[in-house]
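Please keep the sequence and the model in view while reading.

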Amino acid sequence: MQVEKIDLHDTNSFSDFFLDYLENKKELKAFYGLRPSIDCFEEQIRKKQFADENRKVLCDVLESQYQNTNKSTAVSTNLQLLKEPNTYTITTGHQLNIFTGPLYFIYKIATAVNACKSLKQQYPDYNFVPVYWMASEDHDFDEISYFNLFGKKYEWKTDQKGAVGRYTNDGLETVISELPEKVELFERAYLEQNNLADAVRYYVNELFADEGVVVLDADHGHLKKLFVPVIKDELLTRKANQLVESTNADLEALGYKPQIYSREINFFYLEDGSRERIVKDGDGYQVNNTTVTFTESEILAQLEQHPERFSPNVVMRPLYQETVLPNLAYIGGPAEMVYWLQLPKVFENYSITFPILLPRNFALYINSASAKKMAKFELSPQQVFSKAEELKSEYLAKYGEKSMSLNGEVGDLEKVYEQLAEKAATVDASLKGFIAAEHAKAAKGLDNIAKRLKKSEEQKHETALNQLGALKDKLFPGGGLQERHDNFLNFYINNPDFIKQVLSALDAFDLRMHVIKEA
């Protein structure tokens with residue numbers, strides 16, 4: 001296997017906002033804590049405050065959630081290490097996409113695993129545990145309901161509502177039956193587990209068991225109880241909205257577009273089959289799209305008695321995470337990194353330590369068949385990020401029988417008409433416009449000739465150009481990055497060592513595009 005690294009700028013696939021964060025632009029320094037460098041973690045450890053009570057609750061919840069899971073030695077060890085005060089977590093989070101969703105789900109967890117290994121080498125007196133935070137309370141089913149495998153979209157149909165982690169797996173047996181090959185991992189996950197959260201815990205545990213990845217479902221009353229002071233303050237003072245809006249204004253003044261927008265109250269009311277926003281209604285509160293209302297005293301009583309019913313939105317979830325975990329860094333994609341930059345004032349308001357924001361690894365995985373085609377066309381990893389038309393033009397320029405450029409002829413035409421214009425000026429100045437019009441016609445004619453010549457040359461090389469286009473489509477499905485479209489089964493079905501190879505190829509602290517080529 002070969003691994004080459006490409007600067008993210010050269011991929012033309014990332015926003016200026018995200019790239020400016022990576023490049024440590026001084027304008028953005030006020031919007032985060034420490035840099036995503038391994039050398040910054042010693043200071044982050046000193047900054048992180050995590051109460052013994054919170055650690056005990058966390059470990060008790062994890063013990064409960066893992067009681068029916070066949071744990072590997074690595075996972076069991078990490079669950080025990082989490083009880084120790086010198087153990088910290090490196091966390092990534094993601095939605096519960098069926099069959100893992102796009103490839104970058106795998107890359108997120110792999111980044112967390114490799115970051116922990118690197119940190120242990122650098123700081124041997126501490127323990128570092130990779131954590132996958134399940135977005136089990138998310139209610140946006142459409143985003144998790146499908147995945148792409150071998151060019152086909154597979155979709156789960158269900159009428160269930162509310163937090164997706166609580167969904168039963170009914171209907172996924174239909175998706176399983178449609179797969180081109182039997183995948184026992186997902187049969188066991190979806191047909192033997194009670195709900196979607198349990199199924200995801202099962203397959204992440206199976207895929208990354210040897211790496212000690214700990215899966216946390218934060219949809220739990222005991223964890224929510226630790227967050228009650230923040231929830232209560234949000235219900236009563238609604239400060240977060242003001243702070244996020246202030247930060248958004250600061251970012252917009254610098255020319256950056258915010259990723260998220262806050263609400264007056266940044267919590268949902270969560271029950272089985274329902275997750276709806278809590279809105280202020282006069283002196284009381286209402287659950288949006290329902291008839292449920294509360295007075296102030298009633299909603300505070302609900303909070304004390306049933307904290308599990310209060311579900312944080314995108315603004316408050318990061319604070320919840322950092323409250324219930326001894327976490328040092330959050331690993332996310334470009335959009336996640338950007339929205340975390342909108343939250344430092346909210347963290348400061350609640351005296352919660354802001355984590356290091358470590359971008360996940362970015363990768364293009366090239367299997368042996370595609371690697372052979374790249375070699376045939378003598379394409380470098382960097383070249384494949386060019387547009388398809390650019391690749392085709394470069395091919396024709398290199399292998400075509402004649403040059404398709406008429407730049408020389410265009411230049412000669414310019415000279416001829418310049419001379420004509422000079423002669424005409426000595427005879428009749430009014431001919432200048434006529435000559436310019438004739439020049440334009442002639443130039444257009446040359447352009448048409450060039451297009452016809454290119455088309456004829458393309459027809460001669462049609463097979464090769466089609467192969468080149470097919471290679472580009474294979475590596476960049478739909479014109480976008482492979483990691484944002486293809487499911488890992490595209491590789492795992494034919495290569496059971498895929499995840500091990502990815503883990504060995506990625507460097508958590510190398511913030512470039514990893515191009516991984518099979519031998």
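## Pockets, cavities and a helix contact

The second largest pocket is lined by 19 residues, of which Gln65, Asn195, Asp198, Arg201 and Asp217 lie nearest its centre. The model is predicted, so local features need pLDDT of at least 70 and side-chain atom pairs count only at pLDDT 80 or more, while totals for chains, interfaces and linings use all residues. Residues are numbered from 1 along each chain as its sequence is written, and side-chain values use heavy atoms, with hydrogens and water left out.

On a 1 Å grid over the protein atoms alone, a pocket is an open set of points with protein on both sides within 12 Å along at least five of seven lines, a cavity is a set of points where a 1.4 Å probe fits but cannot get out, and lining residues have an atom within 4 Å of a point. Grid points are joined across faces, edges and corners, and a volume is the space filled by probe spheres set on the points.

Helix H3 (52-65) and helix H9 (196-208) each supply at least two residues of the lining of the second largest pocket, and H9 gives the most, with four residues. Helices (H or I, at least four residues) and strands (E, at least two) are DSSP runs, numbered from the N terminus.

The largest pocket has a lining of 45 residues, and those closest to its centre are Gln95, Asp138, Glu143, Glu336 and Tyr339. Both strands and helices give two or more residues to this lining, among them strand E2 (87-94), helix H5 (104-122) and helix H15 (334-340). The largest contribution to the lining of the largest pocket, four residues, is that of H15.

A search of the whole structure finds two cavities of 30 Å³ or more. The largest cavity is lined by residues including Ala363, Leu364, Phe385, Leu475, Phe476 and Met513. Leu475 and Phe476 also line the second largest cavity, together with Leu379, Val384, Leu391, Leu468, Leu471 and Lys472. Helix H21 (residues 462-475) provides the largest share of the lining of the second largest cavity, four residues.

The table sets volume beside residue class, where Ala, Val, Leu, Ile, Met, Phe, Trp, Tyr, Cys and Pro count as nonpolar, Asp, Glu, Lys and Arg as charged, and the others, Gly among them, as polar.

| Space | Volume | Lining residues by class |
|---|---|---|
| Largest pocket | about 1,200 Å³ | 17 nonpolar, 13 polar, 15 charged |
| Second largest pocket | about 450 Å³ | two nonpolar, 11 polar, six charged |
| Largest cavity | about 40 Å³ | seven nonpolar, one polar, one charged |
| Second largest cavity | about 30 Å³ | seven nonpolar, no polar, one charged |

Turning to the helix pair, helix H11 (residues 228-237) and helix H12 (residues 239-253) pack at an angle of about 80 degrees, with their axes 7 Å apart. That makes H11 roughly perpendicular to H12, a term for angles of 65 to 115 degrees. Axes are lines fitted to C-alpha atoms, for helices over the stretch in contact, and angles run from 0 to 180 degrees between N-to-C directions. In this contact (heavy atoms within 4.5 Å), Asp233, Glu234 and Thr237 in H11 meet Lys239, Ala240 and Gln242 in H12. By class, the contact of H11 with H12 has one nonpolar, two polar and three charged residues.

Finally, Glu192 lies in helix H8 (residues 184-192). Glu192 counts as exposed because its relative accessibility is 55%, the limit for exposed being over 50% of relative accessible area (1.4 Å probe, protein chains only). Glu192 and Tyr202 are 10 residues apart in sequence and 9.8 Å apart in space, C-alpha to C-alpha.

Notes:
Angles under 35 degrees count as roughly parallel, over 145 as roughly antiparallel, 65 to 115 as roughly perpendicular and the rest as oblique. Buried means under 20% relative accessible area, exposed over 50%, partly exposed in between (1.4 Å probe, protein chains only).
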